Amino acid sequence: MQELTHFINGEHVKGTSGRFADVYNPATGEVQAKVPLANKAEMDIAVAAAQAAQPAWAAVNPQRRARVLMKFVDLLNRDMDKLAEALSREHGKTFPDAKGDIQRGLEVAEYCIAAPQMLKGEYTDAAGPGIDIYSMRQALGVTAGITPFNFPAMIPMWMFAPAIACGNAFILKPSERDPSVPLMLAELLEEAGLPKGIIQVVNGDKEAVDAILYDPIIQSVGFVGSTPIAEYIYGTGCAQGKRVQCFGGAKNHMIIMPDADLDQAADALVGAGYGAAGERCMAISVAVPVGEETADKLRDKLIPRIEKLKIAPYTAGDDVDYGPVVTKAAQENILRLVQTGVDQGADLVVDGRDFSLQGYEEGFFVGPHLFDNVTKDMDIYKTEIFGPVLSMVRAQSYEEALGLAMDHEYGNGTAIYTRDGDTARDFANRVNVGMVGVNVPIPVPLAYHTFGGWKKSAFGDLNQHGPDSFKFYTRTKTVTSRWPSGIKEGGEFHFKQMD
Ligand code: NAD
């Protein structure tokens, strides 16, 4: 069986802790590799290498740093199919979806080629006699990121592309469920000319995460994953004096107004609810039709679409709609939550519980589920299921539908389907959710805007990518200078207005 490694100081390094996790092929249920789980001593080696390499990298001019990312983007395109294949094999998502995962990360690397422009700083000439003031954005030093299983290419790139562009060293602790692609990305960065020690991948679980959180040299921690872990990392990291941004779970509502094009809305719901087996933080998991007539019509349009979905391994072709979920535990948890929905009185109008795929009976497949008449008190409404399960909550008015999205503890993404500009504008302005779609079901912002939720979906002030990322990965220093010709005789004892 394949034994994966860490990538420390430019080398593939075997784990020395003696602890490993199994990496599955979710389509077959077989263990295909084992990944080492680092201890503190292994993290210390990576941190020391990062600390030694970072000052020279920060001294490289930003345009040259950007050129490394330009080359990296070329290499991603060169190896796109190879990366996507490795990604699908460990994650289970379809081949086109795996390419999308890489593509969306690639676009962040492309955006970060703007580093020379983004890092220019500010300058005030003649703020007083002979006095000039300038501010610059300097790298933090050694930075780190902890990423989830569901986007093993895109989310590491959200973090390391700006971190590196700003002159930092970056240590990635990827998900132990699908660690191969992050290792391949680090290799490609080095092939693109990144010096050793600037990108490192240390595989692991809580022990490696704690080694990051308590390391005094690591200046910042980025996290994307579930909300309980986000809260733990945010609290612990901040208490250690680090700069921390954490992005958590979601329960994204889509509101369907009576005037919406219901065929478009149904198509959108099926893609956004069941794509990637529902394992997206921006998946739509709650449909809120407004009015009984809208709800009945929408349900009639959804059922045949859902029943037609092609669920198969990525190897079955590009027309597969979704593949298996990531682990047996995830599969069991989804089915357990479906059962709570039935027990608590929701109508299971599409029942995927008996789904099985010939030849892949041991794979972690979950059939599609649609619940109708879901209410706010049910577990399937309150909990992030992270599987192919869509809940319909019927609302009698726009205000009631808006209130549902507003009152939910998560606030990652939401969407409204309507032809009415007034309603759409009101929704976008009032809803307390970080990313809003108007007739767009998964409103993931492009690389040059920022990505981030509200409420229990995000902790920290700055979002991912876009201009915020250059702020997160640098700190501002402001210099006030006066040359001798501007200095008057005698000391100054009081704060005063500039002459
Ligand atoms: P997870 O929280 O289980 O794991 C995320 C990372 O945390 C992994 O690297 C894991 O090794 C580490 N980790 C797990 N348990 C830990 C512990 N006890 N202490 C310290 N570290 C620990 O999440 P996941 O299952 O990999 O990913 C799915 C979750 O991520 C969902 O909740 C999804 O909504 C969320 N997500 C959010 C966003 C966003 O931008 N808001 C994006 C993608 C995924």
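Which residues lie nearest the centre of the largest cavity? Gly-278, Ala-283, Ser-285, Glu-384 and Phe-386 do. The legends below cover close-up views of this predicted model.

**View 1. The largest cavity and its lining.** A search of the whole structure turns up two cavities of 30 Å³ or more. The largest holds about 100 Å³ of space. Its lining is made of 15 residues. By class, seven of them are nonpolar, five are polar and three are charged.

**View 2. The second largest cavity.** This cavity holds about 40 Å³ of space. Residues along its lining include Arg-104, Glu-107 and Val-108. Met-154 and Trp-158 also line the second largest cavity. So do Val-444, Pro-445, Leu-446, Ala-447 and His-465. Two elements, α4 (95–111) and α6 (154–165), each give two or more residues to this lining. The largest share, three residues, comes from α4. The lining has seven nonpolar residues, one polar and two charged.

**View 3. Domain 1 against domain 2.** Domain 1 covers 2–248 + 457–479, and domain 2 covers 252–438. Their C-alpha centres lie 31 Å apart. Domain 1 brings 22 residues to the contact, and domain 2 brings 24. About 1,900 Å² is buried between the two domains. Carbon and sulfur atoms give 64% of that area.

**View 4. A salt bridge between Arg-280 and Asp-97.** The side chains of these two residues meet at 3.1 Å, N to O. The count of salt bridges between domain 1 and domain 2 is one.

Definitions and conventions
Residues are numbered from 1 along each chain as its sequence is written. This is a predicted model: local features need pLDDT of at least 70, side-chain atom pairs count only at pLDDT 80 or more; totals for chains, interfaces and linings use all residues. Side-chain values use heavy atoms; hydrogens and water are left out. On a 1 Å grid over the protein atoms alone, a cavity is a set of points where a 1.4 Å probe fits but cannot get out, and a pocket is an open set with protein on both sides within 12 Å along at least five of seven lines; lining residues have an atom within 4 Å of a point. Grid points are joined across faces, edges and corners, and a volume is the space filled by probe spheres set on the points. Ala, Val, Leu, Ile, Met, Phe, Trp, Tyr, Cys and Pro count as nonpolar, Asp, Glu, Lys and Arg as charged, and the others, Gly among them, as polar. Helices (H or I, at least four residues) and strands (E, at least two) are DSSP runs, numbered from the N terminus. Domain bounds come from an automatic or database domain assignment. Contact means heavy atoms within 4.5 Å. Buried area is the accessible area (1.4 Å probe) that two parts lose on being put together, summed over both. A salt bridge is a side-chain nitrogen of Lys or Arg within 4 Å of a carboxyl oxygen of Asp or Glu.
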